[in-house]
Amino acid sequence: MAPLLQHAPAPPPATRSYADLTDAEIEEIGRTLDALREEVLADRGARDAAYVRRVIAVQRCLEVGGRVVLLGSRSRVAWWLGTTSLALSKVLDNMEIGHNVLHGQWDWMRDPKIHSSTWDWDHASAPEQWRRAHNDRHHANTNVLGKDNDLGYGILRVDEAQEWEPRHLAQPLLNLVNACIFEYGIAMYDLDLGESLRSGTGFSPEQREEMRTTGRRVARSAFRDYVLHPLLSLPTGSARTTLTANLVANLARNVWSHSVIMCGHFPEGVEVFEVEEVDEHETRGRWYLRQMLGSADISGPPLLHVLCGNLSHQIEHHLFPDLPSNRYREIAGPVRDLFERHGLAYRSAPLLRQVASAWHRVLRLSLPPRR
């Protein structure tokens, strides 16, 4: 007599890599993910639009509320409340709102105020400049050495295939500094400053114009945070504490953003690909597979995902960068099932564990390889 419950065969062990799957398996992955994408696209609607409008409203309330509270920030309680509120507003502005709007995730709403072509954010990098570097280059070439400049941002060695140089000994310190000034580091990276300096070719007229645009944005935000709002606090005698609150809020936003990005790209076990591995005419299935193996997730409660800009679902974001961010959590289950079905490691861990793993990789690869 057959048992009442029959278990499906156990999936193969999760140790397979990019080179281990057959063409048939890869194309099956592509068809499955295409179908999942179409399902979400067909289901977008009022609840998604309400979500993004609600997050924008919360962000603006946090910013206004924080700045008002900081007018009386001579009180320690007021300082902490105002600083926390302002830091949260900056995190939401950059992560859940700015990053995702500029990906075109909400363009389908046809709302000219929430559209990738019109949106601006509290960031040194101009939207069009960021879209070119991030959407067009990074997402097309995820974790491909020599093509994906996000892979270490040109200053870090993050894979054994990269030749070690003495300068890499300093990369833990460089990474710490980059975390503290992450907004400006991204702006310099988007401008291709490092590449121009290394090549010795100088800056093109287009780069010079973009540098002027970036300079104006930096000056405008610095004047607002470090001159205007402290001056407005002078009548209450809280100019100095308002200044320190703005400094701390910007530092917190930068370190948080840097940590989330590190967790999605650099933990131990995330695969890196050499140019020779990637077919010039890469199929959709192989592109999906590269996104799956070149990313990692952060596990945690819903609020954590919102504060991460839902980049805590970095695997899902790399697979579907233009789907509404609030949908990543619900598709994470089917995506994980797909990993398990093909014996692939779905790399997900709590925030602190992923941060520690990413820093371990940075520290480990700063040292010369053992002979």
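A nonpolar core is taken here as a set of buried Ala, Val, Leu, Ile, Met, Phe, Trp, Tyr and Cys residues joined through side-chain atoms within 4.5 Å. In this predicted model, the largest such core comprises 40 residues. Those with the most contacts inside this core are Ile97, Trp106, Ile114, Trp119, Tyr153 and Phe266. Several helices contribute at least two residues each, including H2 (46-70), H4 (127-138), H6 (182-190), H9 (239-265) and H14 (351-364). Helix H3 (76-102) belongs to this group as well, and H3 gives the most to the core, with 6 residues.

Leaving aside its neighbours within four places in sequence, Tyr153 is in contact with Asn178, Phe182, Ile186, Tyr189, Ile261 and Phe266. Another core lies apart from the largest one and has 27 residues, among them Ala332, Val335, Leu338 and Leu344.

A search of the whole structure finds 7 aromatic pairs. One of the pairs joins Trp79 and Trp80, edge-to-face, at 5.0 Å centre to centre and with 90 degrees between the planes. Trp79 has 15% relative accessibility and therefore counts as buried, whereas Trp80, at 52%, counts as exposed. The ring centres of Trp121 and Trp130 are 5.4 Å apart and the planes stand at 70 degrees, so this pair is edge-to-face. Both Trp121 and Trp130 are buried.

Key: Residues numbered from 1 in each chain as written. Predicted model: local features only at pLDDT ≥ 70, side-chain atom pairs only at ≥ 80, totals over all residues. Heavy atoms only, no water. Buried < 20%, exposed > 50% of the residue type's maximum accessible area, 1.4 Å probe, protein only. Helix = DSSP H or I, 4+ residues; strand = E, 2+ residues; numbered from the N terminus. Contact = heavy atoms within 4.5 Å. Phe/Tyr/Trp six-rings, centres within 6.5 Å; stacked < 30°, edge-to-face > 60°.
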